[in-house]
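Look at the sequence and the model below.

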Amino acid sequence: MEADIEKTRAYYSSRGPESLCNCGYCQNYCARVKTAYPEVARYLDSLGVDIEKPFETMPLELDENGYLEYCGCQYVAFGSCAEDFTHRIGDVTFGRSDCHPNTKMDEEHFVLDFYPIRLPFEEPESEGIEL
Ligand SMILES: [Zn+2]
């Protein structure tokens, strides 16, 4: 991977809360992921990526213990990345995604993706999250 870390970092620091998806799943993810996966957050930070500003998250069903599993969490990064890139931290596997919404960006970039992420999910009523 040849990530342009400085450009990526600048991109994330310029993104305000209004640029983030405001669905309940993404909000739940942003609020909890850093505490639940500190090593993943550190790795992303080393690439200039802010874990609290995902490009897209893909939640599965809520399980009976109140946990929600995300089968894909995607982040935009500048630079280039081999198609077969893979990295592992604990149970979490990272790769380059070729299946994601249009990033609407012209400069050389790629979408990093990792899974699975498992987080407690509070019902919207108790936290005022809008689904
Ligand atoms: Zn969302």
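A donor is an N, O or S atom within 2.8 Å of the metal, and water is not among the atoms, so a site may look incomplete. The model shown here is predicted. Its zinc ion is coordinated by the SG atoms of Cys-21, Cys-23 and Cys-26, at 2.2 to 2.3 Å. Along the chain, these donors follow the spacing C-x1-C-x2-C.

Cys-26 is buried, because its relative accessible area is 4% and buried means under 20%.

Cysteines can also be joined to one another: a disulfide is a covalent bond between the sulfur atoms of two cysteines. How many disulfides does a search of the whole structure find? The search finds 0. Cys-81, for instance, is in no disulfide, and the nearest cysteine sulfur, that of Cys-99, is 16 Å away. Cys-81 is buried, with a relative accessible area of 9%.

Now turn to the strands. On one side of the account is strand 4 (residues 86-89), which runs antiparallel to strand 5 and is joined to it by 4 bridges. In this pairing, His-87 stands opposite Phe-94. The two strands form a hairpin with 2 residues between them, and Gly-90 in the turn has a positive phi of about 60°.

Strand 5 also pairs with strand 6 (residues 109-115), again antiparallel, through 5 bridges.

Conventions:
Residues numbered from 1 in each chain as written. Predicted model: local features only at pLDDT ≥ 70, side-chain atom pairs only at ≥ 80, totals over all residues. Heavy atoms only, no water. Donors = N, O, S within 2.8 Å, 3.2 Å for Na, K, Ca; no water. Disulfide = S-S within 2.5 Å. Buried < 20%, exposed > 50% of the residue type's maximum accessible area, 1.4 Å probe, protein only. Pairing = 2+ DSSP bridges.
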